[in-house]
Amino acid sequence: MNLFLVLNFIGGIGLFLLGMRLMTEGLKVAAGDALRHILGFATRSRIRGLASGALITSLVQSSSAVIFATIGFVNAGIIGLSQAVGVIYGANLGTTATTWLVSVVGLEFSLKAFALPFIGVGVFLRILARYGQWRAMGDAIAGFGIFFLGLDVMTDMFRETGPMLTPAVESEGVLLLLLHLLAGFVMTVIMQSSSAALAVILTAASGGLLGLPGAAAMMIGANLGTTSTAVFASLAATPNARRVAASHVIFNLLEATILFLAFGFLLGLVQWLAAAVGMGHSMAVSLAFFHSIGKLIGLAAIWPLTGLMVDALGRYFRPVAGSLARPQFLDEAVLSTPSLGLRAVDRELNRSLVAASHLFHDAIAAKRPDPARLTRTQGDLRTLLDSINDALQGLSADDMKSRQKEALPQVLRATRYLEELSERALELDELARRLPSRCPVEDPDTAPLLTALARDLKPERLTETGLDPVFDERYQVVKSELLSAGAAKRMSSRQMSEWLDYFSILRRAVKTAGRARLHARAFSQALDDEAAPAETTASAGENA
């Protein structure tokens, strides 16, 4: 093989991968909410998850993209782990669309004339479109054309040069088959795309470079290699991400084991099926049958075991205790799709609200907490808030809908108020350690009632300022009684001043907590309005 052929081969793979990336990323952005609704359909049963995963993978031609999106939906709370496993099965099944597309269309026709118009239309749409979703659709259309152009380059190269390179090897020796399996695995790990690896295997086999046994073994290896993408993505990801990735690995390992054990029988079966449909001359069609039958066998084998597998995975990859600083819902898979990233940000923001409320309650508790623990919790909370802000700024606003973009400042305001609340909590704890255990006012129940109101804020009573009028009225009573006690010399001016400072900081903390809650609620409401405006409007009318 001379240098020119090597460069042609690399270029063909490059075009194929570039086309897949443009197509996948474009469709994810252009149909982000539609994709969410389709996979949301999976929440009712595992069989629906299977259908959704297969359908979407067939459309975007990338099981990895669907698996990443599924991880995001699990983290965003749209689907549960049991339903996500069904989507993973469907994504694996959907990869058979690539093999049939390549074997029946890509190897039987010249695709260049078909591909170029798609590239042209997609590029012009990308240039002329005013909105992010239409530009993303342009990317997807252009990627579709580039996908076929790369396939055309590889097909032509193998068709012309394959028989001259080396004769097709038909040996079925176990060692040789294992070497082919390893080659398919390594090829997929390097390309990070089983679809691209399968396209190379099909075109090489059709061009005479590979025999049927070797190509089939490489397909098994490619199926195993595709798990590397999910594994690499989940190494530093959330527990849910690792569980979904583990289900993907288990499915493919079980499938590969069964296929290897029944290898000889399956080769005979797929050749018979290809001949039965009048395509016995096409090795690519036989391989497409092999790939499809393999996925169906793997699905039939693992389906009865799914409940046990989900229960087992639920016991592993648990969150580390005390890991407030580490996000539980934000990871690369989620943030790659803006609509999912915003949902994950919303969940982390609510998690921060709960943590900040606990910190505030501990600081004003009757029994003094460990100050080192409060300081440590505050540090963890600030780290989590920084992660939320970084994630938000990393999302592409161009790919969001207008209502979503308008809601982004709500998150930044909420995180700012939560950080301020954590600072006020530590100030309150420090002041409380210098003050007597009981506030020396005329009515002994006045101050404890104010503190109780601070701990038990009613979200429905919050005004636009963030304050509960009942709390504010009680605060004014306490303030007045403290001033009266100071004037009557029932306490020193210094002690009165410190108590006034304490309750003033308490009021600011309550106001800050209320504002954080209001901004977080406004952000959540914006996401719900964008997802289901009619339903949300009806709910708002009922609440009014």
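These legends describe close-up views of a predicted model.

**View 1. Packing of helix α14 on helix α15 in the predicted model.** Helix α14 spans residues 263-276, and helix α15 spans residues 283-302. Their axes lie 9 Å apart, at an angle of about 125°. The two helices are therefore oblique to each other. The crossing of α14 past α15 is right-handed.

**View 2. Residues in the contact of α14 with α15.** From α14 come F263, L266, L267, L269, V270, Q271, L273 and A274. They meet V285, S286, F289, F290, I293 and I297 of α15. By class, twelve of the contact residues are nonpolar and two are polar. None is charged.

**View 3. Packing of helix α13 on helix α16.** Helix α13 covers residues 239-261, and helix α16 covers residues 306-314. Here the angle is about 140°, with the axes 10 Å apart. This pair is therefore oblique. α13 and α16 cross in a right-handed manner. On α13, the contact uses R243, A246, S247 and I250. On α16, it uses M309, L313 and G314. Four of these residues are nonpolar, two are polar and one is charged.

View 4. Among the elements, α15 has the highest mean pLDDT, 92. Helix α24 (residues 533-543) has the lowest, 35. Residues 533-544 fall below 50, with four contacts in the model beyond near neighbours in sequence. Residues 162-171 also fall below 50; that stretch has 25 such contacts. Where pLDDT is low, predicted coordinates should not be read in detail.

Technical notes:
Residues numbered from 1 in each chain as written. Predicted model: local features only at pLDDT ≥ 70, side-chain atom pairs only at ≥ 80, totals over all residues. Heavy atoms only, no water. Axes fitted to C-alpha atoms, helices over the stretch in contact; angles between N-to-C directions. Helix = DSSP H or I, 4+ residues; strand = E, 2+ residues; numbered from the N terminus. Parallel < 35°, antiparallel > 145°, perpendicular 65-115°, else oblique. Left-handed = near helix turned anticlockwise from the far one by under 90°. Contact = heavy atoms within 4.5 Å. Nonpolar A, V, L, I, M, F, W, Y, C, P; charged D, E, K, R; others polar. pLDDT = per-residue confidence, 0-100.
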